[in-house]
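Look at the chain shown below and keep it in view while reading.

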Amino acid sequence: MLDYFAIINDFFAANPRAYKIYLVHAVLVTHKALAIARRLNLSAESRQFIEEAAMLHDIGVIKTHDPQMDCTGDLPYIAHGLAGGQILREKHLEKHALVAQRHIGVGLTKAEIISRNLPLPHEDFIPLSLEEKIITYADLFFSKREETLWQEDSIDRITQELAGFGQEQVATFLVWHQEFGP
């Protein structure tokens with residue numbers, strides 16, 4: 001079993017505020033993702049991967065400039081998925097790295113990156129595996145805003161937020177909600 005707490009501690013131990021926010025967010029996302037995995041009767045191996053990858057999916061935020069979390073990195077927040085992918089690849093965790101880089105929103109297409117002029121490589125970052133989709137879906141329910149850290153967002157709030165990025169994002173979320181929701 002992967003010691004994901006050791007990885008989290010390596011990157012967040014020196015930043016208590018970011019550590020607290022990160023850990024609460026990761027635990028809530030992991031709990032929701034594992035509940036979905038159990039409802040879908042996924043294998044023990046899939047559930048173990050979901051636990052590990054969900055706990056590590058946002059590891060790249062530590063490399064971003066995010067005053068709300070006291071993160072003082074050089075990257076814009078939108079790049080935290082790529083940064084996380086790089087961190088996890090350096091630890092030889094390729095499948096975990098894919099979750100990190102593909103979990104932004106419901107995923108980002110090359111066309112969206114270009115049209116929105118996002119500071120990301122011009123390629124698709126879309127969740128492909130069932131496990132990636134479950135973690136990405138669960139992540140949408142929990143912010144990293146301190147004032148709402150422990151609160152699960154409603155379907156309406158999530159769809160309103162995603163609508164700002166296009167109806168394709170909303171449509172994907174609603175398909176996932178049919179598949180993964182209660």
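Helices are DSSP runs of H or I with at least four residues, and they are numbered from the N terminus. Arginine 39 lies in one of them, helix H2. The model is a predicted one, in which local features need pLDDT of at least 70 and side-chain atom pairs count only at pLDDT 80 or more, while totals for chains, interfaces and linings use all residues. Residues are numbered from 1 along each chain as its sequence is written, and side-chain values use heavy atoms, with hydrogens and water left out.

How a residue sits relative to the surface is given by its relative accessible area: under 20% is buried, over 50% is exposed, and in between is partly exposed (1.4 Å probe, protein chains only). Arginine 39 has a value of 47%, so it is partly exposed. A contact means heavy atoms within 4.5 Å. Leaving aside residues up to four places away in sequence, arginine 39 touches Phe180, Gly181 and Pro182. Serine 115 is 76 residues from arginine 39 in sequence, and their C-alpha atoms are 37 Å apart in space.

Now turn to helix H4, residues 80-90, where histidine 80 lies. Is histidine 80 buried or exposed? Its relative accessibility is 4%, and therefore histidine 80 counts as buried. Its contacts, not counting residues up to four places away in sequence, are Asp58, Gly60, Val61, Thr64, His103 and Ile104. Other buried residues of H4 include Gly81, Ala83, Ile87 and Leu88. The buried residues of H4 pack against helix H1 (4-12), H3 and helix H5 (94-102).

H5 has seven buried residues out of nine, so it is largely enclosed by the rest of the structure. The buried ones are His96, Ala97, Leu98, Val99, Ala100, Gln101 and Arg102. They pack against H3, H4 and H7.

Next come the empty spaces. Rolling a probe the size of a water molecule over the atoms shows where empty space is left. On a 1 Å grid over the protein atoms alone, a cavity is a set of points where a 1.4 Å probe fits but cannot get out; a pocket is an open set with protein on both sides within 12 Å along at least five of seven lines; and lining residues have an atom within 4 Å of a point. Grid points are joined across faces, edges and corners, and a volume is the space filled by probe spheres set on the points.

How many cavities of 30 Å³ or more does the structure hold? It holds one. The largest cavity has about 40 Å³ of space. Its lining consists of Ile78, Gly81, Leu82, Gln101, Ile104, Leu108, Leu120 and Phe125. Ala, Val, Leu, Ile, Met, Phe, Trp, Tyr, Cys and Pro count as nonpolar, Asp, Glu, Lys and Arg as charged, and the others, Gly among them, as polar. By these classes, six residues of the cavity lining are nonpolar, two are polar and none is charged.

The largest pocket has a volume of about 650 Å³. It is lined by 26 residues, of which Tyr77, Gly105, Asp139, Leu140 and Glu161 are the closest to its centre. The lining divides into 10 nonpolar, seven polar and nine charged residues. H8 supplies the largest share of this lining, four residues.

H8 is also part of a helix pair. The axes of H8 and helix H9 (residues 167-180) come within 7 Å and cross at roughly 150°. Axes here are lines fitted to C-alpha atoms, for helices over the stretch in contact, and angles run from 0 to 180 degrees between N-to-C directions. The crossing makes H8 roughly antiparallel to H9, a label for angles over 145 degrees; under 35 is roughly parallel, 65 to 115 roughly perpendicular, and the rest oblique. Among the residues that meet are Ile155, Ile158 and Leu162 in H8 and Val170, Phe173 and Leu174 in H9.

The loop between helix H7 (130-139) and helix H8 (155-163) holds phenylalanine 142. At 7% relative accessibility, phenylalanine 142 counts as buried.

Last, the backbone. Most residues other than glycine have a negative phi, and most peptide bonds are trans. Asparagine 41 has a positive phi, near 55°, and lies in the loop between helix H2 (16-39) and helix H3 (44-56). Asparagine 117 has a phi near 55° and is in the loop between helix H6 (110-115) and H7.

Conventions
Helices (H or I, at least four residues) and strands (E, at least two) are DSSP runs, numbered from the N terminus.
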